[in-house]
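Student: Please take me through one part of this model closely, then link it to a second site. Keep it brisk.

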Amino acid sequence: MASRLAWGLAVVFAASAPFWMSGYHLYQGAQVLIYAIALLGLNLLTGYNGQLSLGHGAFFAIGGYGASILIVKLGLPYYVAIPLASAVCFVAGFLFGFPALRFGGLYLALATFALAVATPQLLAFKRLDFLTGGSEGLHVPKPGPLLGLPLSVDQSVYWLCLAVAIALFAIAANLLRGRVGRALVAIRDHPIAAESMGVDAALYKTICFGISAFYAGVAGGLDAIAVGFVSPESFGLALSLAFLVGIVIGGLASLGGVIFGALFIEFVPNYADQLTVYFGENAKALPGAVYGVMMIAMMAVAPMGIAGLFRSLAQRLRKA
Amino acid sequence: MPPGEMANGLAPGARPDALLSVEGVSVRFGGVIALDDVSFRVARGQICGLIGPNGAGKTTLFNCISRLYQPSAGDIRYEGRPLSKVRVHEIAELGVARTFQNLALFSTMTVRENVAVGAHACARGGFLANAFSSPQARRAEREIAAVADALIEECRLQHVADRYVGELPFGVKKRVELARALAISPKLLLLDEPAAGLNHEEVDALASEIVRMRDRRGLSVLLVEHHMNLVMRISDQVVALDFGRVIADGTPSAVRAHPDVIRAYLGSAA
Ligand SMILES: Nc1ncnc2c1ncn2[C@@H]1O[C@H](COP(=O)(O)OP(=O)(O)O)[C@@H](O)[C@H]1O
Ligand SMILES: [Mg+2]
């Protein structure tokens with residue numbers, strides 16, 4: 001009940017943002033929503049199903065580049081291009097899920113890490129220049145006004161991201177509530193017992209990988225039209241690691257945590273960057289250090305993530 | 001029944017309508033022979049006790065039946081059909097349920113959710129149906145909830161139904177495992193030391209519970225237990241293992257009096 005109220009308030013708050021925010025702030029708001037979608041996908045995989053991925057930036061890149069190529073080279077509208085690119089991500093994730101069945105734990109981390117490392121190189125690959133634009137990247141036209149309403153580009157992009165995020169959160173919540181969600185968590189908690197109870201673990205794990213990649217792909221596609229540009233450097237290891245930071249800081253296996261995680265990875269590195277302004281050029285390493293300290297502080301204060309912190313606060317309130 | 005089966009050395013008194021027949025099963029782990037040419041049968045509706053000192057191979061046999069281990073030789077038939085090609089998750093659908101000697105619960109889930117996972121195979125509805133909360137998925141969910149509720153009551157778990165399993169005492173966890181196994185609606189129930197850690201009265205209660213479950217559901221039970229009293233009192237048939245070999249197979253009183261069984265137990269007690 002309380003959580004429904006919280007979600008309702010969050011949606012109203014988020015939907016009203018374009019009325020009192022504009023320009024760069026609204027753009028940041030869209031980024032938070034985009035990250036939230038990607039984190040949601042990663043949390044389904046890692047938080048709920050227990051499969052560690054250090055390479056979700058790769059699926060984000062496939063979504064981003066896929067949508068951009070379809071828009072720029074084939075002239076498709078974004079509302080066709082993004083779903084198509086995301087479907088490709090689903091297939092890619094599903095297929096990656098098969099070798100993932102054989103690598104447990106740290107080996108899977110390493111395999112996905114390799115994916116993250118290889119992505120920028122593949123995107124800059126010379127032979128594919130005609131599609132990807134090579135190291136230059138691709139410029140993507142911004143979408144027109146949403147539903148033909150008299151909106152600015154920023155408002156259109158923001159509301160589009162919000163609508164997609166709400167739909168994808170609802171789908172994830174449905175999935176997790178019932179038989180499928182229980183099976184995913186059972187596999188994480190005790191794979192042998194789950195299989196002995198009739199859960200086809202291989203099927204669930206590969207489909208979960210596909211869905212997770214699909215979410216990352218949608219986020220990547222939205223990111224491409226929100227930024228208006230894709231280039232290899234934006235999809236490096238740092239992005240994949242930011243996603244992992246986001247789900248851990250926000251709270252593993254928590255839908256609400258994904259929002260906090262998205263806020264964290266959007267704003268904290270930015271604030272850390274701004275510190276350089278005060279300390280001048282000598283403080284080049286400072287943002288990284290501040291970001292690191294913030295992460296350690298978060299883990300000390302909220303070892304179960306921000307969502308975990310709220311849960312235990314709520315429990316204490318109920319007991320008091 | 002396939003022809004020629006009577007010829008391969010059935011235990012005397014084994015009935016032809018066996019639900020489970022273990023035929024010459026051997027398992028080795030490196031140099032250790034955990035099971036050595038084990039054969040016996042479990043008839044429908046019967047309780048079969050499986051006894052033997054620690055390390056005799058009882059859990060290994062369970063793991064073969066639930067397809068976690070692949071025997072290096074021999075065959076296990078269930079309802080007359082060989083299990084060698086059946087995948088682990090298909091075992092539940094066939095109606096074989098088990099509990100684990102060292103609890104294998106889903107520790108971050110509630111008691112109710114754990115039991116509901118047991119009903120997983122009884123319902124349909126995949127990712128798409130669940131994602132869009134289709135009528136079919138909602139109906140399946142209601143059915144699963146009803147099964148879970150009934151078993152929670154039957155296994156006296158109402159007071160902890162919404163607690164996380166990880167925080168419950170050992171004895172309660174064992175009951176949750178039992179309820180989860182029953183949610184499969186099994187025809188064959190494998191219980192691996194269900195009385196471990198229980199006191200006298202609890203063991204008595206468990207004994208009548210197992211008999212009642214069998215009577216009500218008509219299921220067969222394969223019961224691994226160290227509590228000789230419990231096994232001898234409720235079993236229709238007892239199979240004794242020692243060092244991976246069947247040393248006795250028959251009625252409780254016959255097995256109890258068997259010289260090899262007495263020797264195995266005296267030996268292990270020494
Ligand atoms: N996975 C395994 N790897 C190696 N040895 C095993 C394994 N499982 C069982 N064993 C060995 O097989 C023998 C039988 O063990 P087990 O079936 O657990 O006996 P019981 O359940 O009768 O106490 C023991 O010697 C045990 O060490
Ligand atoms: Mg054992």
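Tutor: Start with helix 5 of chain A: its buried residues pack against helix 3 (56-72), helix 4 (78-102), helix 6 (129-132), helix 10 (201-227) and helix 11 (237-250) of chain A. Contact means heavy atoms within 4.5 Å. Helices are DSSP runs of H or I, at least four residues, and strands are runs of E, at least two, numbered from the N terminus. This is a predicted model: local features need pLDDT of at least 70, side-chain atom pairs count only at pLDDT 80 or more, totals for chains, interfaces and linings use all residues, and side-chain values use heavy atoms, without hydrogens or water. Residues are numbered from 1 along each chain as its sequence is written, with chains lettered from A and ligands numbered from 1 in the order written.

The buried residues of helix 5 include A:Leu108, A:Ala111, A:Ala116 and A:Leu123. Buried means under 20% relative accessible area, exposed over 50%, partly exposed in between (1.4 Å probe, protein chains only). Helix 5 bends by about 30° at A:Val117, and A:Pro120 follows within four residues. The bend is the angle between axes fitted to the seven residues ending there and the seven starting there. At 1.5 Å a residue, its 19 residues (105-123) should span 27 Å, and the end C-alpha atoms are 28 Å apart, which agrees. The expected span is 1.5 Å times one less than the number of residues.

Now chain B. A polar side-chain atom of B:Thr59 lies 2.8 Å from an oxygen atom of ligand 1. A polar contact is a pair of N or O atoms within 3.5 Å; within protein, one must be able to donate a hydrogen and the other to accept it, and residues adjacent in sequence count only if both atoms are side-chain atoms. B:Thr59 counts as partly exposed, at 25% relative accessibility.
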